[in-house]
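Q: Could we go through this model together? I would like to discuss the ligand shell and the helix packing.

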Amino acid sequence: SAAALALGSGAAMAQDRVIGFSQIGSESGWRAAETTLTRMQAEERGYDLRFSDAQQRQENQIAAIRSFVAQGVDAILLAPVVATGWDSVLQEAHEAEIPVVLLDRMVDSDPSLYLTAVGSDLVHEGEVAGQWLVDEVAGEECRVVELQGTTGSSPAIDRKTGFEQAIAGHDNIQIVRSQTGDFTRALGKEVMESFIQAENGGRDICALYAHNDDMAVGAIQAIKEAGLTPGEDILIVSIDAVPDIFAAMAAGEANATVELTPNMAGPAFDALEAFWADGTEPEKFIQTESRLYTQADDPAGEYEARKDLGY
Ligand code: GYE
């Protein structure tokens, strides 16, 4: 029948779609979940996903994109490790007429060089975290240590800016130390140990702001090893909403997190499908939601709901 034929050719078309995905690496639980969900979305839609893990190195991402262009893929997904240095390679994809969709981090390049970007409002996330702390300490003196994400990445830049904007004008709150933990648990722990050492065994620290949950989880370990109680002696606010931070919140060892959905590929593929169908140009930025969770928001339940999502 015509319907069966149409269905058949639709399926065949989907089968023919080849997507190159240049992923940053596996620095965090959130990143692992994004990779899993991208693979799931591609499989559901019948795409051939070619996955490249850059192990945190921009040069590996540039090489992967060049290879995807040479293979003549139908589209490229790029989660860019840092914000600068993409102009030439994006230009090459553009000249080959291969649409590029950015996932979760932004670039400084001209927006005409990519089809769209899917991500959260990273400045807003920092503001939500900062506002939570402003409300929580309610005018009390609070000396904050900050674990930044990967240097030069848009989330590290924007989450710092947003938090600083939220605490501006609240002179009781001060960032006293700030250093990168590269979005990893191991460095989060190591840098927190040095903060604790420099701050009277941790006793002069009121709160930790970590640019992602994984660094917070590493820092929680450091705080415990220093003989202090995370979540009480030192307040902890971070970003991502991965299962392990909910486990820590359920145990009273972390206080708040701002959710970042790992399903960036769903909206990216929707935009690509509309573009392939009739040339529909998506908005340049497809924004995902950011929501605050505290210990009052059933962290044990949130842990259960997420723990099998590939985190
Ligand atoms: O928050 C963090 C990570 O790029 C916004 O990257 C993303 C960040 C995410 O590895 O955990």
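Predicted model: local features only at pLDDT ≥ 70, side-chain atom pairs only at ≥ 80, totals over all residues.

Q: How many residues surround the ligand, and which are the closest?
A: The ligand is surrounded by 13 residues. Ser28, Trp30, Asp104, Pro155 and Asn212 are the closest.

Q: Which elements give two or more residues to that shell?
A: Those elements are α2 (29-44) and β9 (235-240).

Q: And what is the make-up of the shell by class?
A: The shell around the ligand has 6 charged, 5 nonpolar and 2 polar residues.

Q: Changing topic, what does UniProt place at residues 19-263?
A: An unreviewed UniProt entry places the feature "domain: Periplasmic binding protein" there. In the model, the span 19-263 is 42% helix and 21% strand, and its end C-alpha atoms lie 16 Å apart.

Q: Now the helices. At what angle do α5 and α6 cross?
A: Helix α5 (residues 122-137) and helix α6 (residues 154-167) cross at roughly 40°, and their axes come within 6 Å. The angle therefore makes α5 oblique to α6.

Q: Is that crossing left-handed or right-handed?
A: The crossing of α5 and α6 is right-handed.

Q: Which residues meet there?
A: From α5 they include Leu122, Val123, His124, Ala129 and Leu133. Among their counterparts in α6 are Ser154, Pro155, Asp158, Phe163 and Ile167. By class, the contact of α5 with α6 has 9 nonpolar, 8 polar and 5 charged residues. Pro155 of α6 is also one of the closest residues to the ligand.

Q: What about α3 and α4, how do they cross?
A: The axes of α3 (residues 58-71) and α4 (residues 87-95) come within 10 Å and cross at roughly 10°. Angles under 35 degrees count as roughly parallel, so α3 is roughly parallel to α4.

Q: Which side chains are involved, by residue name?
A: Helix α3 contributes Ile62, Ile65, Arg66 and Val69, while α4 contributes Val89, Glu92 and Ala93. By class, this contact of α3 with α4 has 5 nonpolar, no polar and 2 charged residues.

Terms used:
Residues numbered from 1 in each chain as written. UniProt positions renumbered as here; feature names shortened; annotations may be inferred. Helix = DSSP H or I, 4+ residues; strand = E, 2+ residues; numbered from the N terminus. Axes fitted to C-alpha atoms, helices over the stretch in contact; angles between N-to-C directions. Parallel < 35°, antiparallel > 145°, perpendicular 65-115°, else oblique. Left-handed = near helix turned anticlockwise from the far one by under 90°. Contact = placed C-beta atoms within 7 Å. Nonpolar A, V, L, I, M, F, W, Y, C, P; charged D, E, K, R; others polar. Near = placed C-beta within 6 Å.
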